[in-house]
Amino acid sequence: AADHIFKGIRRVSIGGASHGGSFKVFRGPGSTGDRNPEELQVVADLEECLRTRQAWYLGWRAYLVCCTVMFGLGMLSAILPSLNMGQLITLAPIVAEAQSRTALMMLVAHQSRELMLDDGLSRTTRRQASRLVADSLQQLIDADNAVRHGNGRGIGQGADVRNEEHNRIMYSSYCPWKEDETKCSDDGQGGQTHEGYEGLLAVSRTFFDSVENVLARYGDVPAPGDATSDGAGRAEERLFDVVEPRQQRVAALDTDADIRFVLANMEGDLFEGYTLIKTLFDDEMESILDNAIATNNLLFPIYLISIVLGFQIFLFRRTVARANKEREITQRCIERIPAYALAESEVERVKELTTSTSFEEEENQHEESDSERG
């Protein structure tokens, strides 16, 4: 192809010289000017030769594919880890309610004890203490239902449909916090678990019933619409001028099965079970976070490698090296062009294009101008 091009150049040069024509080497793309058919054929042959010999990494398709891959990997490294955020958003209120449920259980047990003793040390009247126990117990039941079933307190999907281990602990004869995991019906605290239920649900139902029994036995819950003020008829309860233990109530702490069951669960089965379920949710959240971090740690290095290897080494550096090589080839090619094919001014311009002297001079001029401004 090169021999054919040079023959064409020689033929065009001789023909142009014999007719007194002049040749303009530097024309804009697509411009034909006063070129004759033979000159146009030479240009076409040259373009075809360049297209045939062009390396794959010099084409626009290679850069398009490389940039697309890098953009895709960059998006994946950001999007895929964030897909786990939806699971965290769903799990976060369950974890909060599970923690709140444990705290409410201990609060109810403490308030039930103060209600039963009724000695004034808590600075509440019997009716006030009854209201506190009733309100806290209702909050505990609501939190328990929200954790298990959802559809309330900011929880859309409860643990019943998302965690099998939770269901084993809550609804089956499986109590891993006990020495014997299969003896869930034996509370070991002198009380009887709720009939018709198994697992932690039986313990929680028994706890709720025991608190209600304590509230009915020792409390003073006003009837609906009762506007009687707290402590009416017992001014000493409001003023707390006399505060002393009531020995009969103190002794009932050991004889009353309901209050004994309630107080024992502050560190017993219910506390252990609720804490274990809370740990399950914490482990699930940690697993989601670990998965997101692992995904990011996998994709982001691949993204960086694609930039360094795919673009910098395989494309950019090879393109620059090929450009330098083509410059040398072009310089040798132009040196082989017959002198009579170019005008004298065009010869000097061609030399400038194929040597680095002009670029070095321009850089020196820029550096001198920068130093002068500095």
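Okay, ground rules. This is a predicted model, where local features need pLDDT of at least 70, side-chain atom pairs count only at pLDDT 80 or more, and totals for chains, interfaces and linings use all residues. Residues are numbered from 1 along each chain as its sequence is written, and side-chain values use heavy atoms, with hydrogens and water left out.

Helices here are DSSP runs of H or I with at least four residues, numbered from the N terminus. Axes are lines fitted to C-alpha atoms over the stretch in contact, and angles run from 0 to 180 degrees between N-to-C directions.

So, helix 5. Helix 4 covers residues 85–117 and helix 5 covers 126–149; they pack at about 155°, axes 8 Å apart. That is why we call the two roughly antiparallel, a label for angles over 145 degrees. The crossing is left-handed, meaning the near helix is turned anticlockwise from the far one by less than a right angle. Their contact has 14 nonpolar, five polar and five charged residues. For those classes, Ala, Val, Leu, Ile, Met, Phe, Trp, Tyr, Cys and Pro count as nonpolar, Asp, Glu, Lys and Arg as charged, and the others, Gly among them, as polar.

Next, helix 11, residues 269–335. Its axis comes within 10 Å of the helix 4 axis, crossing at roughly 160°, and that makes this pair roughly antiparallel. Helix 4 passes helix 11 in a left-handed crossing. Contact means heavy atoms within 4.5 Å; on the helix 4 side the residues include Leu88, Leu91 and Met105, and on the helix 11 side they include Phe271, Tyr274 and Phe281. By class, that contact is 16 nonpolar, four polar and four charged.

Helix 10, residues 257–264, packs on helix 4 at about 145°, axes 9 Å apart, with a left-handed crossing. Here Ala109, Ser112, Arg113 and Met116 of helix 4 meet Ile259, Val262 and Leu263.

Last thing: where is the cavity? Its lining is Glu114, Asp118, Asp119, Gly120, Ser122, Thr124, Thr125, Arg126 and Ala129. A cavity is a set of points on a 1 Å grid over the protein atoms alone where a 1.4 Å probe fits but cannot get out, and lining residues have an atom within 4 Å of a point. The volume is about 30 Å³. The lining splits into one nonpolar, four polar and four charged.

Conventions. Angles under 35 degrees count as roughly parallel, over 145 as roughly antiparallel, 65 to 115 as roughly perpendicular and the rest as oblique. On a 1 Å grid over the protein atoms alone, a cavity is a set of points where a 1.4 Å probe fits but cannot get out, and a pocket is an open set with protein on both sides within 12 Å along at least five of seven lines; lining residues have an atom within 4 Å of a point. Grid points are joined across faces, edges and corners, and a volume is the space filled by probe spheres set on the points.
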